[in-house]
Amino acid sequence: FDFSVERDTLHLSMTDAMGHTLNAAVLATVLVGALRNARRRGVDLAEQSRLANDALCGFADDGDFVTGQVVRIDNISGTARIVNAGHPLPILIRDERAENVALAPGLPFGVAVEAEYNVQELVLRAGDRLVFLTDGMLERNAADVNAMEILTETRHLHPREAVQALTQTVVNACGGERRADATVPCVDWHGGPTGERDARSGADQ
């Protein structure tokens, strides 16, 4: 995963390359670099995703792909804009319950040069928690783990501790041996910027 924080925007990406070899690591690195380069050009989220996909298609062999989600959260409005590229759905914990965010699926990165990536919106409320997962958290050996229940029960914990509780349960269910990488970024939304500090051109208060 990768993230960058600006004054008005949180940028976040979660990516998972096919396979478990050195090639998978290279694919993931190429995609993250392409997402960063596109973001720094100041393009919108759909164009950032398109440019990153083009870069990966130019590098990847047939059959190579990377699933992912690319996210921008507007710190002023609380709107999360999400591109879903064939990745497991994020989980929203709101009003003391956890459920998947209903995102339409899109093609993974690297599958088709002409792929279009739709930007979908989620309006956050103060107290919301967003959890992103790689499919290593959902592998067959951990099929009996109820992630929704665990995330609901740990909703009052610090994000780090909630993530640790979920990952430890999955590791235990797999007998301590994991077959896939597992990554779990967690974002708590507290309602946007607060205070009266103005730092656009340097702190003046």
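This is a predicted model: local features need pLDDT of at least 70, side-chain atom pairs count only at pLDDT 80 or more; totals for chains, interfaces and linings use all residues.
Residues are numbered from 1 along each chain as its sequence is written, and side-chain values rest on heavy atoms, with hydrogens and water left out.

The chain contains four helices and nine strands, where helices (H or I, at least four residues) and strands (E, at least two) are DSSP runs numbered from the N terminus. Read from the N terminus, the order of these elements is β-β-α-α-β-β-β-β-β-β-α-α-β. Of the 205 residues in the chain, 44% are buried, a term that denotes under 20% relative accessible area, with exposed meaning over 50% and partly exposed lying in between (1.4 Å probe, protein chains only). The accessible surface, computed by the Shrake-Rupley method with a 1.4 Å probe, comes to about 11200 Å², and 48% of it belongs to carbon and sulfur atoms. Among contacts (heavy atoms within 4.5 Å) between residues at least 6 apart in sequence, 69% join residues at least 24 apart.

In soluble globular proteins, nonpolar side chains tend to be buried together. A nonpolar core is taken here as a set of buried Ala, Val, Leu, Ile, Met, Phe, Trp, Tyr and Cys residues joined through side-chain atoms within 4.5 Å. The largest such core has 17 residues, of which Leu 27, Leu 31, Leu 56, Val 66, Val 70, Phe 109 and Tyr 117 touch the most other members. At least two residues of this core are supplied by each of α1 (22-40), α2 (45-57), β3 (66-74) and β4 (79-85), and the largest share, five residues, comes from α1. Apart from this core lies another, of 16 residues, which includes Leu 10, Ile 82, Leu 92 and Leu 130. When residues up to four places away in sequence are not counted, Tyr 117 touches Ala 46, Ser 49, Arg 50, Asn 53, Val 83, Ala 85, Leu 107, Pro 108 and Phe 109.

Helix α4 comprises 15 residues (159-173), which at 1.5 Å a residue should span 21 Å, in agreement with the 21 Å between its end C-alpha atoms; the expected span is 1.5 Å times one less than the number of residues. Within α4, Pro 159, Ala 162, Val 163, Leu 166 and Val 170 are buried. These residues cover an arc of only 100° around the axis, and therefore lie on the same side of α4, the arc being that of the directions from the helix axis to the C-beta atoms. Among the elements covering the buried residues of α4 are β8 (129-131), α3 (147-153) and β9 (186-188), while the face turned away from the buried side carries the exposed residues Arg 160 and Asn 172. Following α4 is Gly 175, which has a positive phi near 65°.

Most residues other than glycine have a negative phi. In the loop between β5 (91-94) and β6 (97-100), Asp 95 has a positive phi near 50° and is exposed, at a relative accessible area of 62%. Glu 96, found in the loop between β5 and β6, has a positive phi of about 65° and is likewise exposed, at 53%.

As for the cysteines, Cys 57 is buried, with a relative accessible area of 17%, whereas Cys 186 counts as partly exposed at 21%. The count of disulfides is zero, a disulfide being a pair of cysteine sulfur atoms within 2.5 Å.
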